[in-house]
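This report goes through one model, from a single residue up to the whole chain. Please keep the sequence and the coordinates at hand while reading.

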Amino acid sequence: MKTNRFLFIAAAVMLLMTSCLDKDARMLTIINQDGTCSREMTFSSDSQSVMLPLSEPINNNGMIYRAGWLRTWSVKGDSVQHPCPMTQQQWDSLQRALPNQDISSKILMHTRQNYPSVNEMGDSLIRAAQDLIKDTASLEKHFKWFYTDYVYQETLSFAVIDKLFPIPLDRYVSADTASYWFTGQPNLAEGLTGAEQKELLDDIEPRILQWFNACSMAHICEVIANEHYDKVKNPPVTKEQFVALTDSIVMTPDVDKIDFGGNLDQVIKILENFYHSDAYTPLFKDSDIWKMRLDEKQKSYAYLVAMAPQLDYVLPGKIVDGGDGMIEGNLIRYKFSGERLIPHPYIISVTSRVTNVWAFIVTFLVILLAIGSFLYRRRPKKV
């Protein structure tokens, strides 16, 4: 199988190769009994980010943290957090303590914000992600006398799915297959041998890559129509007809075979064969321009793939239902990555339970009172 299965043009490949996934990335969300909450983002940092004045925003893999977030830094393996910005003296001190080591790989940065409600917390994440994702969150309290259940739900989804992936994925794979490929659920490989699992994946991968190719070809047609159509001499169809025919072009079998890591000769050939004209060929004279445009289109996708923080949640009381997450004591953990948003929204659902001690006390007192009243009424009268 091809290793870069998530990439469909060379620009995205190069971008992801130069921006490794941050294995230390973490988003910790704490929900309080009164409905207030807080969110802390942890990620690897370099000297430039950790020394930035608090008034300047930090850009980390497409996530932008603006002024107002509490910023601290720590050394990996040490829970002590220090206020930002880090001073040059502190950096030099770490360098002396860790000679011949890359200090940037040892530093974690933490950005924290408190919120009056989960709705405002969700809005803040949307802004930090530059509107690439949508975040809707809700918190419900269910009072049941002896205990109160807290039900927290959060849904992460693409905000630009149609722009980034204009061709429907279900043309190439079923909904369950797409979900399995990008999220692992439902587990279509359950009960299969290793050889059978490989056969299953080998069948899915080419269709996913065909979909990526179709989306890339659709983008090229979009750029031609929106930015270059007035430069086409003697076009075989009008601009409106060209746009209407884009769907037919991307479904051409030859689109499946395009190598977007090479030159665009295959794209040119497809357009010439489809329209029986070379009117669009001069537009591809400068291949650097097209590479730049494809780069721009894929940055959002690359950011989303690189966005892979561990999602940790803490709710009041004891966790009784963690949904698809893993319960570890009073902490629930969700494994997340941006690519999991491709087939459908990513849903976090956590239910916790707080014991109402006062309800037990009140109930006990009522029972005592009832028993006392009963005994008082049964007491024999004096003659």
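Does Q48 count as buried or exposed? At 59% relative accessibility, Q48 counts as exposed, where buried means under 20% relative accessible area, exposed over 50% and partly exposed in between, with a 1.4 Å probe and protein chains only.

## Basis of the model

This is a predicted model, in which local features need pLDDT of at least 70 and side-chain atom pairs count only at pLDDT 80 or more, while totals for chains, interfaces and linings use all residues. Residues are numbered from 1 along each chain as its sequence is written, and side-chain values use heavy atoms, with hydrogens and water left out.

The protein chain has an average pLDDT of 87, and 92% of the residues score at least 70; pLDDT is the predictor's confidence in each residue, from 0 to 100. Over residues 1-19 the pLDDT stays under 50, and for this stretch the model has 42 contacts beyond four places in sequence, a contact being heavy atoms within 4.5 Å. Where pLDDT is low, the predicted coordinates should not be read in detail.

## Overall form

The secondary structure of the protein chain comes to 11 helices and 14 strands; helices (H or I, at least four residues) and strands (E, at least two) are DSSP runs, numbered from the N terminus. The radius of gyration of the protein chain is 28 Å, well over the 21 Å that the globule rule gives for 383 residues, so the chain is more spread out than a compact globule. That radius is taken over C-alpha atoms, and the globule rule is 2.2 Å times the number of residues to the power 0.38. Taken along the principal axes, the C-alpha atoms fill a box of roughly 120 × 55 × 45 Å.

Of the 383 residues in the protein chain, 42% are buried. Among contacts with a separation of 6 or more, 67% are between residues 24 or more positions apart.

## The four-stranded sheet

An open sheet of 4 strands, with antiparallel pairing, has the order β8-β9-β14-β11; two strands pair if DSSP finds at least two bridges between them. Its edge strands, each pairing on one side only, are β8 (133-143) and β11 (318-321), and the twist averages 25° from one strand to the next. Strand β9 (residues 147-158) and strand β14 (residues 346-355) pair in the antiparallel sense over 10 bridges, and the bridge partner of L156 in β14 is Y346.

Helix α4 (residues 118-128) lies across β8 and β9 and runs at about 165° to β8. Axes are lines fitted to C-alpha atoms, for helices over the stretch in contact, and angles run from 0 to 180 degrees between N-to-C directions.

Leaving aside neighbours within four places in sequence, Y280 is in contact with residues including I224, Y229, V232, F242 and L271.

Helix α6 is largely enclosed by the rest of the structure, because 7 of its 9 residues are buried. The buried residues of α6, among them Y180, W181 and F182, pack against α7. Just after α6, G184 takes a positive phi of about 90°.

## Backbone details in the loops

One joins C84 and P85, with omega about 0°, and P85 is found in the loop between β6 (82-83) and α3 (88-97). The other runs from Q185 to P186, with omega near -5°, and P186 is found in the loop between α6 (175-183) and α7 (194-228). Returning to Q48, which is found in helix α2 (residues 47-50), its C-alpha atom is separated by 9.8 Å from that of P85, 37 residues apart along the chain.

Positive phi also occurs at residues other than glycine. D131, in the loop between α4 and β8, has phi near 65° and is partly exposed, with a relative accessible area of 48%. N234, in the loop between α7 and α8 (239-250), has a positive phi of about 50° and counts as exposed at 71% relative accessibility.
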